[in-house]
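Good morning, everyone. Please look at the screen while I walk you through one chain.

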Amino acid sequence: MKVQHREPAKIDPSCEIRLGVASWDDGSNTAKSIKYTWFDKNGKAARGGEFPVEALPQALDFAIREGYISL
């Protein structure tokens with residue numbers, strides 16, 4: 001991911017929510033992704049946790065329907 005925006009995660013300020021160009025982008029900088037980022041013991045961002053921004057509505061709906069979160 002090429003990070004364009006970041007902010008501390010409210011549930012854990014030692015982690016970040018990042019937005020940017022997806023790691024699978026074809027070079028056009030049009031594929032966007034979001035990532036929950038945690039850091040290893042050396043302070044480096046851990047890999048993984050990245051998914052398409054367009055998947056957020058379905059992910060939130062699914063979590064609400066299954067009772068993991070509520071509005």
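Let's start with the overall count. Read from the N terminus, the order is β-β-β-β-α.

A word on the source. This is a predicted model, where local features need pLDDT of at least 70 and side-chain atom pairs count only at pLDDT 80 or more, while totals for chains, interfaces and linings use all residues. Residues are numbered from 1 along each chain as its sequence is written, and side-chain values use heavy atoms, leaving out hydrogens and water.

Now the strands. Strand β1 covers residues 2-9 and strand β2 covers residues 12-21. They run antiparallel, joined by seven bridges. Two strands pair if DSSP finds at least two bridges between them. β1 and β2 make a hairpin, with two residues between them. Within this pairing, P8 has E16 in β2 as its bridge partner.

β2 also pairs with strand β3, residues 32-37. That pairing is antiparallel too, over six bridges. Here R18 has K35 in β3 as its bridge partner.

Next, salt bridges. The structure holds three. The term means a side-chain nitrogen of Lys or Arg within 4 Å of a carboxyl oxygen of Asp or Glu.

Which side chain meets E16 at 3.6 Å, N to O? That is R6. E16 lies in strand β2 and R6 in strand β1, so the pair ties together parts that are ten residues apart in sequence. E16 also has a salt bridge with R18, with the closest N and O atoms 2.7 Å apart.

Are these residues buried or exposed? Buried means under 20% relative accessible area, exposed over 50%, and partly exposed in between, with a 1.4 Å probe and protein chains only. E16 is buried at 17%. R18 is buried at 11%. R6 is partly exposed at 49%.

Over to the helix. D61 and R65 form a salt bridge, their closest N and O atoms 2.7 Å apart. The two are four residues apart in helix α1, residues 56-65, so about one helical turn separates them. D61 is partly exposed at 39%. R65 is exposed at 54%.

Last stop: N42. It sits in the loop between β3 and β4. N42 is exposed, at 60%.
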